[in-house]
Amino acid sequence: MTALIRLLRGVAYTALPAELVLAVCLVAGVRIPMPVLVAAEALTVLLALAGLVAYAGLRRRGLSTRQALRELVPVPVLRLIGHELRLLASLGLWVARRRAGVRPGDQVFPHARDQAALMYGFAFVCLVETVGMSYLLADWPVAHAIVLVLDVYSGILFVLGIHAASVTRPHVLTAEALRLRQAAHIDLHIPLGLIAAVRHELRFTHEKTEGELNLAVASQTSVTIELTEPLDAPRFLGGPRAVRIVRCHADDARAFYRALTRAVPARAATAQADAAQAGTAQVGTAQGDATQAGTAQAGTA
């Protein structure tokens, strides 16, 4: 099965770019011989069928749907697709005035307010560019349709989707962990037990430093979190990244800072209480075993 998956990936890396080149040539009016078109489409169909067969085989081996897809599709491709789907879903949540990943009782800290004007400005510029290109390409219907779709999706919808993801995916603080998010590409879970220190620290400049993660909003961060040990914060395409310092921003940074400073000692006290109860239970069990052993020895004597 592993050899088949590698073969499928190798063929896909060759076939998909070739399909894209053929599509561009057809749109540009280049005449492609019919045998070439038939061979390209047949290869695409065979690749899809082979992928379905490999997927069914992985499912029969007991893998879940997500695990089977991870075996078949490279991680960077999956992350890119997931990012696009989250952007589109965020637009729907934004219109419905709902938030993702928030449960009853969670403390929510929005972080999109300071970037709103910038994102709306970008969206307006994209709209003007779309109208201009539509006017310039009016005499070329095919090029006009392609550029219009690309401008609307990769320009207007993409920019609005990023802002919608920031609005609908706020930072979330629970009794066990802190969930930091940025748009649709970063979702970092930090157990409260790993937080060593929290500082209210306003910064407008950030240098890329190993072991640090800056979740800036409008080029600023306002809260700095230090961890007791490195935590993996995967990069956009899935590469590992160990961080010990995380800087983030919230609309109400002081309230976010106060909530964190209260939650971390409370979690530490809860952990100590749980450990004490576990120790007491172990001592009680040991005493009970010793008593039973003594009774058994007395009975034997």
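**Sheet, helix contacts and a loop**

Leu173 in strand 2 is the bridge partner of Gln107. The model in which this pairing is found is a predicted one. Between strand 1 and strand 2, the latter covering residues 171-173, the pairing is antiparallel and runs over three bridges. These two strands belong to an open sheet of four strands, which has the order 1-2-3-4 and antiparallel pairing. Because strand 1 (107-109) and strand 4 (186-191) each have a single partner strand, they stand at the edges of the sheet, and one side of each is left without a neighbour there. On average, and with direction ignored, neighbouring strands of this sheet are turned by 15° against each other.

From the sheet we turn to the helices. Two packed helices are described by the angle between their axes and the distance between the axes. For helix 4 (residues 75-96) and helix 6 (residues 141-168), the packing angle is about 70° and the axes are 8 Å apart. An angle from 65 to 115 degrees counts as roughly perpendicular, so helix 4 is roughly perpendicular to helix 6. The crossing in which helix 4 passes helix 6 is left-handed. On the side of helix 4, the residues that meet helix 6 include His83, Glu84, Leu87, Leu91 and Trp94, while those contributed by helix 6 include Tyr153, Phe158, Gly161, His163 and Val167.

The residues of the contact of helix 2 with helix 3 divide into six nonpolar, two polar and two charged.

The last stop is a loop. Ala218 lies between strand 6 (212-214) and strand 7 (221-232), and Ser219 is also placed in the loop between strand 6 and strand 7. For Ala218, phi is near 55°, which is a positive value in a residue other than glycine; for Ser219, likewise a residue other than glycine, phi is positive and near 65°. Ala218 has a relative accessibility of 33% and therefore counts as partly exposed.

Key:
Residues numbered from 1 in each chain as written. Predicted model: local features only at pLDDT ≥ 70, side-chain atom pairs only at ≥ 80, totals over all residues. Heavy atoms only, no water. Pairing = 2+ DSSP bridges. Axes fitted to C-alpha atoms, helices over the stretch in contact; angles between N-to-C directions. Parallel < 35°, antiparallel > 145°, perpendicular 65-115°, else oblique. Left-handed = near helix turned anticlockwise from the far one by under 90°. Contact = heavy atoms within 4.5 Å. Buried < 20%, exposed > 50% of the residue type's maximum accessible area, 1.4 Å probe, protein only. Nonpolar A, V, L, I, M, F, W, Y, C, P; charged D, E, K, R; others polar.
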